[in-house]
Amino acid sequence: MKILQKALGIILILFFSNTNIVLSMDHIPTDDEINNISKDLYCPVCENIPLDACGTQACIQWRNTIGQLLSEGWSPDEIKTHFATQYGIQVLSEPPKTGFHALLWLLPLACLLTGLFILIKTFSSKKPSEHEHPSENKRHTNLNDYHINQIEKDLQQWK
Amino acid sequence: MIVYIGYITLLLSFVCTIYSIFAARKYIKTKQIKWIDSSSHSAIAVWVLLTLSCMSLVYLLTHGHFEVEYVATVTNITMPSYLKVTALWGGQSGSLLFWSWLMSTYIAITMMRNWQHERDIQPHVITVSMLTLMFFIMLNLFIENPFKLLWIDSTERISSSIIRPPQSTVFTPEDGIGLNPLLRHPGMIIHPPMLYLGFVGFVIPYSFAIGALIVKRQDNMWIRITRRWTLVAWLFLSLGLLLGGRWAYDVLGWGGYWGWDPVEIAAFMPWLTGTAFLHSVIIQEKQEMFKRWNMILIILTYALVIFGTFLTRSGVLSSVHSFAQSSIGPLFFVFISLSFSTSLLLLLRGWNHLQTQKPLTSWMSREGFFLINNMLFMGILTACFWGTIYPLISEIFTGQKITVGPPYYERTTGPQFAALLLLMGIAPLVAWRISTVKRLGYLIWRPTIISLLIPLALILRGVTNLTALLSLWLATLVFCVTLYEFYRGALARQNSSEENFMQSLWELVEKNRRRYGGYIVHLGVVFISIGIIGIEMFQQETQKTISLNESINIGQYSLVYKNLSELPQNDGRFITKATLAIYKNDTFVTNIQPQRDYYIQNQQRMTIPDVYSTLESDLYVLLIDWKPIDTQQATFKIYLNPLINWVWVGGLLFIVGTLIAAWPDKRDDIILKLHSST
């Protein structure tokens, strides 16, 4: 019985996977589907322009290839990996997050955490003194009374 | 003849910068006033000479002197006159000359101020600013000379130089190559000058800061003197970034305004440190704190200005902005290294003199919030800087070329921008020195409740994107808090005077321009944020090939393809233009005409979008491709960009706010005079 169930399962899997292949072979990808993948790819020649926005002949050719691969049933990830294998990881809009390239993501985070740590240290080491009270817009100035009076006088004249 | 006038005045300006530095140093030794006057006059003479040099180049550009290499490279006969003038900054050598001229203008204006009370610092200000100027003029004279002539020898070999090579005659091509088509846009008249004015403007506060460090001045004089300079530089830099965004939106044809391109980031980085500096100096002025930090910020800003110029012009990184690249990279690198290390050494030398007088009492204080604000700006800067140089790091250490695209920047900076937005809402309500959560809660509960109405309304309309709801709530909160600040201030004034509310509001802003100008800038930022949230989170796009009278649907719009025409132009372009009728909910709205320009001489194509704009959204249409007329099919790419126009509205408000904050105020001048006299 179990063998029968397994066999039926395998037949069903094969049936549906075959159906998928047949369906995908028939599927003509839309421009939007192609662009969805293209916007995450950069051709090595064009300068910092994603594939979906680039009008060069090479990029048009790449988009055609994406269309072709989609029609053959490739998934977007498989297509991106294919281009990365063929032309190097520079074609991807972001490098992998593993190995050396993890540094790209970790360093800004580390810097931010360091900044936070310094801030916390700064705040925790500066306790408010006893004479400080909560006050709204308490003005502090390094001008002495003479200067303040002088400013007031000038302001009066100016008015 | 004109070529030599331009060249000789450039040469003389170089000599004058050297003399100006020499005379300033002589004044430090002798203390004879004649030397500092002479140095100052010489700095003004540099401006006169560079003006003549720039005018000569403009004359050559506008009169088709194709025997000049630069003219032949960036202009041609068919270009309209205004573009021939803008070609001054359309190539490497011309833009360097223009850059030097702008810097000399800033320096000349600075020299015209009354220096009576700042004699100790003046020679150092001159030295630092003139050294920077000298570097740029030197690049123009010895590496990127815009006055080089084209020569042809007996073997018909064409070369370029100022002096005639042996057995050569001047070669005048029949026509020039012409400006890069990407730069043939009205936005190019104003975008680069604004950006340059922003960049070079920071040289002035930096020079004052270094001067203050050298003479070990402990007061805030340099900050008070340069406050307006900093604001002006910051305003121009902001304008440059904004106009650059508009140019990208109109010309590059990818439906956006900001692509996290290395050169865009290069201009954005000094803006980040400049913004942090503008906030941080308020604390130094009011509380005598953050003196060291402010020095670090202005040194960083200057270094990033030079670094940004280096990135743009060296070609070390790939960018869509690579219009002006050459071999000046190594020299820039040396200059950045020298200026940055010298600045740091001076900072270390004066470290003890910059001791903060008052301690930070609590994180729950205005200065505490400003410090967090500064940390966030630095966090964004770090992410941007690291992302920009990482391709080089990767190539050096792994040999792998990589691309750091928008996903990295959006993920690393997005949360920090959101936190900044939140701070913008809270900080104005927190008192100096020390406040309490209870007090803050009392002030913020009303704006918070009002601001929650927006996300609630959006949820009722079916918006479920949590990030979008949170971001829009934050923007609304800042908007409400800022308006509440205006309301509170005007009400308090009204209660203590006989003015009506509107009079009180006017007087409030007029008497506190810096504070309320700043708040208007915050309102501008809120609108810009709304625009960014709209396009980042709700943008729709579609691309389709359709036949005549077929339609493409996007959002509430339907676009029907009407016709395609091909139009040869007199200016060297061949235009293909499509017409589509726009319907909104089945009602005709207008026609739209995206086009493709083909520049015959440059063999370059430009996809020019046509946009149907409302405050609600932009319908941005591109003609991607077309089949021959007989098959009558064309491919269109259409973006629906919600709320994008709030970016430009916010930009305008931003400018108005900055102008209000920077407008001369007699009270500031009085304080400055009193400080100077003590």
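In the predicted model, helix α1(B) passes helix α6(B) in a left-handed crossing. The axes of α1(B), which spans residues 2-30 of chain B, and α6(B) come within 9 Å and cross at roughly 155°. Because this angle is over 145 degrees, α1(B) is roughly antiparallel to α6(B). On the α1(B) side, the contact is made by B:L10, B:L11, B:S13, B:F14, B:T17, B:I18, B:S20, B:I21, B:A24, B:R25, B:Y27 and B:I28. The partners contributed by α6(B) are B:P123, B:I126, B:T127, B:M130, B:L131, B:L133, B:M134, B:I137, B:M138, B:N140 and B:L141. By class, the contact of α1(B) with α6(B) comprises 17 nonpolar residues, five polar residues and one charged residue.

Helix α6(B), residues 122-142, also packs against helix α2(B), residues 33-62, at an angle of about 30° and with the axes 11 Å apart. The angle is under 35 degrees, and α2(B) and α6(B) are therefore roughly parallel to each other. The crossing in which α2(B) passes α6(B) is left-handed. In this pairing, B:I36, B:S39, B:S40, B:A43 and B:V46 of α2(B) meet B:Q122, B:P123, B:I126, B:M130 and B:L133 of α6(B). Seven nonpolar and three polar residues form the contact of α2(B) with α6(B), and no charged residue takes part. Among the α6(B) residues, B:P123, B:I126, B:M130 and B:L133 occur both in the contact with α1(B) and in the contact with α2(B).

At the level of domains, chain B is divided into domain 1 (1-179), domain 2 (194-435), domain 3 (438-511) and domain 4 (516-678). The centres of domain 2 and domain 4 of chain B, taken over C-alpha atoms, are separated by 28 Å. Their contact takes 19 residues from domain 2 of chain B and 25 residues from domain 4 of chain B. On the side of domain 2 that touches domain 4, helices α9 (221-252) and α14 (406-426) of chain B each supply at least two residues. The most is given by α9(B), with eleven residues. This side of domain 2 of chain B has eleven nonpolar, four polar and four charged residues.

Chain A contains six helices and zero strands, and its elements follow the pattern α-α-α-α-α-α along the sequence. Of the 159 residues in chain A, 19% are buried. Among the contacts in chain A with a separation of 6 or more, 51% are accounted for by residues 24 or more positions apart.

Key. Residues are numbered from 1 along each chain as its sequence is written. Chains are lettered from A and ligands numbered from 1 in the order in which they are written. This is a predicted model: local features need pLDDT of at least 70, side-chain atom pairs count only at pLDDT 80 or more; totals for chains, interfaces and linings use all residues. Axes are lines fitted to C-alpha atoms, for helices over the stretch in contact, and angles run from 0 to 180 degrees between N-to-C directions. Helices (H or I, at least four residues) and strands (E, at least two) are DSSP runs, numbered from the N terminus. Angles under 35 degrees count as roughly parallel, over 145 as roughly antiparallel, 65 to 115 as roughly perpendicular and the rest as oblique. A crossing is left-handed if the near helix is turned anticlockwise from the far one by less than a right angle, and right-handed if clockwise. Two residues are in contact if their C-beta atoms, placed from the backbone, lie within 7 Å. Ala, Val, Leu, Ile, Met, Phe, Trp, Tyr, Cys and Pro count as nonpolar, Asp, Glu, Lys and Arg as charged, and the others, Gly among them, as polar. A residue is buried if 20 or more other C-beta atoms lie within 10 Å of its own, exposed if 12 or fewer, and partly exposed in between; C-beta atoms are placed from the backbone. Domain bounds come from an automatic or database domain assignment.
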